Amino acid sequence: MVRNGKTISVDVTLGERPALAATTPVREQDGDINAREAIAIATEAVNESGLLQESIDERVATPQERNGASVWVVELNAGSQVAVVVVDTTTGDVLELDVK
């Protein structure tokens with residue numbers, strides 16, 4: 001760049017967006033687990049269980065109430081199998097894990 005007859009060198013990066021690291025937790029303001037965290041927790045629980053035979057190709061989290069407590073019901077689809085994981089919205093604990 002030339003300004004007032006002087007050449008100035010400026011480093012510029014084009015086309016790059018800032019991104020969160022894959023392991024950066026994103027918390028709701030009230031401290032509850034959000035859908036993204038619930039999916040990550042459910043995915044980790046299913047992977048550790050070794051119950052799915054194929055890789056996960058679809059992830060859906062739905063907020064629900066169970067026994068008076070708020071939970072995320074996370075469905076993880078892997079080919080012909082579906083894992084349903086219930087995650088407590090306050091603690092992030094896995095309350096249920098079922099693979100069909």
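How many salt bridges does the count come to in this structure? The count comes to one, where a salt bridge is a side-chain nitrogen of Lys or Arg within 4 Å of a carboxyl oxygen of Asp or Glu.

Before we look at it: this is a predicted model, so local features need pLDDT of at least 70 and side-chain atom pairs count only at pLDDT 80 or more, while totals for chains, interfaces and linings use all residues. Residues are numbered from 1 along each chain as its sequence is written, and side-chain values use heavy atoms, with hydrogens and water left out.

The partners are R66 and E96, with 3.3 Å from N to O. This pair links distant parts of the chain, with R66 in strand β3 and E96 in strand β6 (residues 94–99), 30 residues apart. Strands here are DSSP runs of E, at least two residues, numbered from the N terminus.

| Residue | Relative accessible area | Class |
|---|---|---|
| R66 | 31% | partly exposed |
| E96 | 42% | partly exposed |
| V94 | 36% | partly exposed |
| N67 | 86% | exposed |

V94 also sits in strand β6. Together with L51 and L97, V94 forms a nonpolar patch on the surface, with about 210 Å² of accessible area. Such patches take residues with over 30% relative accessible area and no salt bridge, joining nonpolar side chains (Val, Leu, Ile, Met, Phe, Trp, Tyr) within 5 Å and like charges within 9 Å. The areas come from the Shrake-Rupley method with a 1.4 Å probe; for residues, only the protein chains shown count as cover.

Note on methods:
Buried means under 20% relative accessible area, exposed over 50%, partly exposed in between (1.4 Å probe, protein chains only). Helices (H or I, at least four residues) and strands (E, at least two) are DSSP runs, numbered from the N terminus.
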